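Reader: I would like to learn how to read salt bridges in a protein model. Please take me through some cases.

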Amino acid sequence: MSLLQLIRGFVGRNWRAYVLAALMLLGVALLTVWLPRKVGQVIDALAAGTVTPATLVHDMALLLAAGLVIYLLRAGWRLQLFAAAYRLGFELRTQLYERLTLQGPRFFQRKKTGDLMARATNDVDAVELTAGEAFLAGFDGTMTLVLVVAMMALGIDWRLALIALLPFPLMALAFWVISRHVHDGWRRSLDRFSEMNEHVQETVSGVRTVRALGLEPRAGADFSAKAGAAAAANFDAQRWESAYEPAVGLTLTTATVLTLGVGGWLVQQRQMTVGELTAFTMYLGQLIWPAFAAGWVMSLIERGKAAWARLDPVLREPPAIDDRGTRTRVVPGALVLERLTFAYAGGANALTDVSVTLPPGTTLGVVGPTGAGKSTLLHLLLRHYEPTAGSVMLGGHAMDEYRLAALRTAFAWVPQEAFLFSASIAENIALSRPGATRADIERVAQVAAIHDDILRFPLGYDTPVGERGVTLSGGQRQRLAIARALLAQGDAAHPADVPILLLDDALSAVDTGTETQILAHLRGVVQRAGASRTSIIVSHRLSAVVDAQQIIVLQDGRVNERGSHEELLRLNGWYAAQWRYQQLEESLR
Ligand code: ADP
């Protein structure tokens, strides 16, 4: 979709506001062209000596009233029009936000947060300006131009009008040249602004690393360079924009000189009155606005086009995962992975031929060296990515038969790095079930062995975390994330709703004792609820999976060993060696 199509569509939907604004503008234009004519008549009457105090007061009152009405109409059209333009900004931002929420990890790896934020702010503003100011300045300018030229040519003298308008085609040519530069200038300016935004966002998010590595001077210098480039690009765009004004001034001065020369001669020849010449010169002065408007509109359109060229691809980016499934409820049953194979874009296989059958209510342990594909396996279950080959079935149905929303409630995923929002601890836990009571929240916090830690915070469960609150340790964050995942579960009455728990090394930052306690709690809770929970526990520490009914050892994306803890020890492979090593390590603590 081009910018023109976007704005045409928007104007079509909001035509009432635009028509109303246009009518008010028409009123302004008519009154504006009437004014000089009236002034000319008053001057001629004064020269002829036919003015009485009564007619003078009457005429002055009329002029004043016209001025007032012009003021009101001008305020009116601005309110109509800019309200509509803000609506377009709102619509674009909503679309952008929705599109972003549909994107998967692949998209966010390619696009930087700072850049996306710049698009949602600066670029939307530029498009908004095109739908508002540019539209109306264009309409108003054209209308004023037509009326003023008509008054000059038909109302006063067409020969003088022809001569006075001679310099205008040259101005149009100058505008065309300037607008090319303005477009390029704005495109560069918006790009540089994005780069500066990216830099700020990354430095602020990574401020601890920047400080720890003593990178402040370099980050500062980088920022200065980027801010300087953004300012220079902006200045460059503005400099080209400012070239419109002298072009208008020069054109009008030339036109005025021509008018006075030729008009003066016409007055001498008695083909024109002084009043008519005065009115004509005033009309000429009124051409300032259409001339400015033309420059302004061109510049706004170029700015809007440059911004739209940056917004459109993001708005059109297809969602990462097709949400075409029709099943809105996940059928309880086994989770079956059948020769699951996956490669990240441009990479080698991260998973190859992984087959596992996980009966409901059982636990699968997934272990293996770093980079073996353990997290990738969980991403595929959550449909963050589509498998390259093979399939995943849940309750006898392929994953893509389910609606994404249904599928994702079927899993309670605890990622390695849990994100905490700037909210209270209780709110952060209740994220997975907004209506949860305090008792529910405390219950899951106890299971996740974080309850006692929370009570030690100044405001307990109401302690804010994030930017203006306490900072949680890595282990506390992990346990909070587990509590959050547990809250998403159903209850004893709806055991089928108990989601499959996916722990992605979610206990790596807690000590072994707490880990054992949490895992025991998890089993106990599930038994008490009368439901059986299916779990997949990814862990680099084998102690987390000893009780799992099945354990798979992934190496280079392939299942190299499988069995229960005892079976794997007997196999005497990677698992057995790793187990002995970790036991030794633990005993040395
Ligand atoms: P593990 O969880 O076992 O440490 P991962 O599943 O994170 O391993 O990674 C498996 C392989 O896939 C690694 O080689 C890793 O470099 C690669 N990988 C992980 N995430 C991505 C990604 N987003 N893009 C490209 N390659 C990735």
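Predicted model: local features only at pLDDT ≥ 70, side-chain atom pairs only at ≥ 80, totals over all residues.

Reader: What is the general idea, and how many salt bridges does a search of the whole structure find?

Author: Side chains of opposite charge can pair when their charged atoms come close. Here the search of the whole structure gives 28 salt bridges.

Reader: Which parts does the pair of K112 and E198 tie together?

Author: The side chains of K112 and E198 form a salt bridge with an N to O distance of 3.7 Å. K112 sits in the loop between α4 (105–110) and α5 (113–156), while E198 belongs to helix α7 (residues 168–205), so the bridge ties together parts 86 residues apart in sequence.

Reader: Is E198 buried or exposed?

Author: E198 counts as buried because its relative accessibility is 17%, under the 20% cut-off. K112, at 40%, is partly exposed.

Reader: Where do R192 and E195 lie?

Author: Both are in helix α7, 3 residues apart, which is about one turn of the helix. R192 is partly exposed at 25%, and E195 is partly exposed at 32%.

Reader: What does the salt bridge between D462 and R438 link?

Author: The closest N and O atoms of D462 and R438 are 2.9 Å apart. This pair links distant parts of the chain, 24 residues apart: D462 is in the loop between α17 (451–456) and α18 (474–487), and R438 is in helix α16 (residues 438–447).

Reader: Which residues are linked in a network of salt bridges?

Author: The network joins D115, R119, D123, D191 and R310.

Note on methods
Residues numbered from 1 in each chain as written. Heavy atoms only, no water. Salt bridge = Lys/Arg side-chain N within 4 Å of Asp/Glu carboxyl O. Helix = DSSP H or I, 4+ residues; strand = E, 2+ residues; numbered from the N terminus. Buried < 20%, exposed > 50% of the residue type's maximum accessible area, 1.4 Å probe, protein only.
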